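Here are my notes on this chain. Please read them with the model open.

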Amino acid sequence: APVRAFLFEEGIVLVSTRRHNPSKPSQADMFSRYSDTVDIVALPMLWRALGLQRAAEAKSKLKITLGELFGTALPQSFGDFGALAANRSFDCFDLFGLDVMFGEDL
């Protein structure tokens, strides 16, 4: 079976409360949990804040990037799916989660 990806319309977004300075990165720029420098908002709020055009552009770029990632990374990591499936006596699926970071230019 071909690889399938599901992009959910609901979720959470961690938003830094600090302005990022690309010429002077900080540990505070890297986060994966709530802290006093991070706000948690619902994913639909991000899309609304971006506006229809920028949200559509961001979603399109995200789909392209994920297609490229899963189109090449999975075979590189696990080999040919047909050969892998032929050599096992059970059915299962793999679930991958990932974090996505958007910059100012999406």
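1. Helices here are DSSP runs of H or I with at least four residues, strands are runs of E with at least two, and both are numbered from the N terminus.

2. A word on the source. This is a predicted model, in which local features need pLDDT of at least 70 and side-chain atom pairs count only at pLDDT 80 or more, while totals for chains, interfaces and linings use all residues. Residues are numbered from 1 along each chain as its sequence is written, and side-chain values use heavy atoms, leaving out hydrogens and water.

3. Overall layout. The protein chain has three helices and two strands. From the N terminus on, the order is β-β-α-α-α. Contacts (heavy atoms within 4.5 Å) reach along the sequence: of those between residues at least 6 apart, 62% join residues at least 24 apart.

4. Burial. Buried means under 20% relative accessible area, exposed over 50%, and partly exposed in between (1.4 Å probe, protein chains only). Of the 106 residues in the protein chain, 12% count as buried. The accessible surface (Shrake-Rupley method, 1.4 Å probe) comes to about 9000 Å², and 58% of it belongs to carbon and sulfur atoms.

5. Helix α1, residues 43–50. Which residues of α1 are buried? They are Leu43, Trp47 and Leu50. Seen down the helix axis, these buried residues fall within an arc of 65 degrees, so they line one face of α1. The arc is taken from the directions from the helix axis to the C-beta atoms. On the other side of α1, Arg48 and Ala49 are exposed.

6. The core. A nonpolar core is a set of buried Ala, Val, Leu, Ile, Met, Phe, Trp, Tyr and Cys residues joined through side-chain atoms within 4.5 Å. The largest one has six residues: Val13, Leu43, Trp47, Leu50, Ala55 and Ala58. Both α1 and α2 (52–78) supply at least two residues each to this core. Helix α1 gives the most, with three residues.

7. After α3 (81–86). Met101 lies in this segment. Met101 counts as exposed because its relative accessibility is 74%. Met101 and Leu62 are 39 residues apart in sequence, yet their C-alpha atoms are 9.9 Å apart in space. Leu98 is also found in the segment after α3. At a relative accessible area of 38%, Leu98 is partly exposed.
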